[in-house]
Amino acid sequence: MEFDFSKLSAKDKYKLLTSTVTPRPIALITTIDEQGKVNAAPYSFFNMFSEDPPTCVIGVQRRPDGRPKDTAHYIREGGEFVVNMVDMDLAEAMNITAIGFEPGIDEL
């Protein structure tokens with residue numbers, strides 16, 4: 001089966017990839033802004049790619065208006081992020097962090 005990604009909408013590309021590549025764990029990525037507030041966002045596009053050097057990759061898209069998402073901005077500014085694995089105890093809180101909060105909100 002072949003898919004021409006140039007002819008698919010972003011929504012259809014997402015649905016195709018997420019239904020094909022399974023299981024996909026969810027990471028709750030946390031970063032800290034310049035004022036020390038915590039940003040948290042769920043990512044299902046992430047994985048470990050190497051142990052030497054240790055390499056973790058996350059796929060961070062832009063906001064609909066083209067601005068970088070807070071996660072990308074704070075990683076670039078601070079150079080750090082934490083990968084928290086989502087289990088059932090974190091699932092509800094993780095869903096809340098998916099809300100498109102404006103910068104400066106402590107999401108935890």
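The legends below describe close-up views of a predicted model of one protein chain.

Residue numbers start from 1 along each chain as its sequence is written. Because the model is predicted, local features need pLDDT of at least 70 and side-chain atom pairs count only at pLDDT 80 or more, while totals for chains, interfaces and linings use all residues; side-chain values use heavy atoms, with hydrogens and water left out.

**View 1. Overall fold of the protein chain.** The secondary structure comes to three helices and five strands, where helices (H or I, at least four residues) and strands (E, at least two) are DSSP runs numbered from the N terminus. Along the sequence, the pattern is α-β-β-β-β-α-β-α. Taken along the principal axes, the box filled by the C-alpha atoms is roughly 50 × 35 × 30 Å. The chain has 108 residues, of which 23% count as buried. Burial is judged by relative accessible area: buried is under 20%, exposed is over 50%, and partly exposed is in between (1.4 Å probe, protein chains only).

**View 2. The largest pocket.** A pocket is found on a 1 Å grid over the protein atoms alone, as an open set of points with protein on both sides within 12 Å along at least five of seven lines; a cavity is a set of points where a 1.4 Å probe fits but cannot get out, and lining residues have an atom within 4 Å of a point. Points are joined across faces, edges and corners, and a volume is the space filled by probe spheres set on them. The largest pocket has a volume of about 510 Å³. It is lined by 21 residues, and the closest to its centre are Ala-41, Pro-42, Tyr-43, Lys-69 and Ala-98. Strand S2 (38-43) and helix H2 (70-78) each supply at least two lining residues; S2 gives the most, with five. By class, the lining has ten nonpolar, seven polar and four charged residues. Here Ala, Val, Leu, Ile, Met, Phe, Trp, Tyr, Cys and Pro count as nonpolar, Asp, Glu, Lys and Arg as charged, and the others, Gly among them, as polar.

**View 3. The largest cavity.** The count comes to one cavity of 30 Å³ or more, and the volume of the largest cavity is about 30 Å³. Its lining is made by Asp-33, Lys-37, Val-38, Asn-39, Asp-70, Tyr-74, Gly-104, Ile-105 and Glu-107. S2 and H2 are the elements that give two or more residues to this lining. The lining divides into three nonpolar, two polar and four charged residues.

**View 4. Salt bridges.** Side chains of opposite charge can pair when their charged atoms come close. A salt bridge is a side-chain nitrogen of Lys or Arg within 4 Å of a carboxyl oxygen of Asp or Glu, and the count comes to three. Arg-63 pairs with Asp-70, with the closest N and O atoms 3.0 Å apart; Arg-63 and Asp-70 are buried. Asp-70 is also one of the residues that line the largest cavity. Asp-65 and Arg-67 form a salt bridge at 2.8 Å, N to O. Asp-65 is exposed at 52% relative accessibility, and Arg-67 is partly exposed at 34%. In the salt bridge between Asp-4 and Lys-7, the closest N and O atoms are 3.8 Å apart. Asp-4 is partly exposed, at 38% relative accessibility, whereas Lys-7 is exposed, at 72%.

**View 5. A nonpolar surface patch.** Met-1, Phe-3, Phe-5 and Leu-17 make a nonpolar surface patch of about 450 Å². Patches consist of residues with over 30% relative accessible area and no salt bridge; like charges are joined within 9 Å, and nonpolar side chains (Val, Leu, Ile, Met, Phe, Trp, Tyr) within 5 Å. Accessible areas come from the Shrake-Rupley method with a 1.4 Å probe, and for residues only the protein chains shown count as cover. Phe-5 lies in the segment before helix H1 (10-20). Its relative accessibility is 31%, so Phe-5 counts as partly exposed.

**View 6. A cis peptide bond and two threonines.** Asp-52 and Pro-53 are joined by a cis peptide bond, with omega about 5 degrees. Pro-53 lies in the loop between strand S3 (46-51) and strand S4 (54-58). Asp-52 and Thr-71 are 19 residues apart along the chain, and their C-alpha atoms are separated by 25 Å. Thr-71 is found in helix H2 and is buried, with a relative accessible area of 2%. Thr-20, in helix H1, is exposed at 54%. Thr-20 is 52 residues from Ala-72 in sequence and 26 Å from Ala-72 in space, C-alpha to C-alpha.
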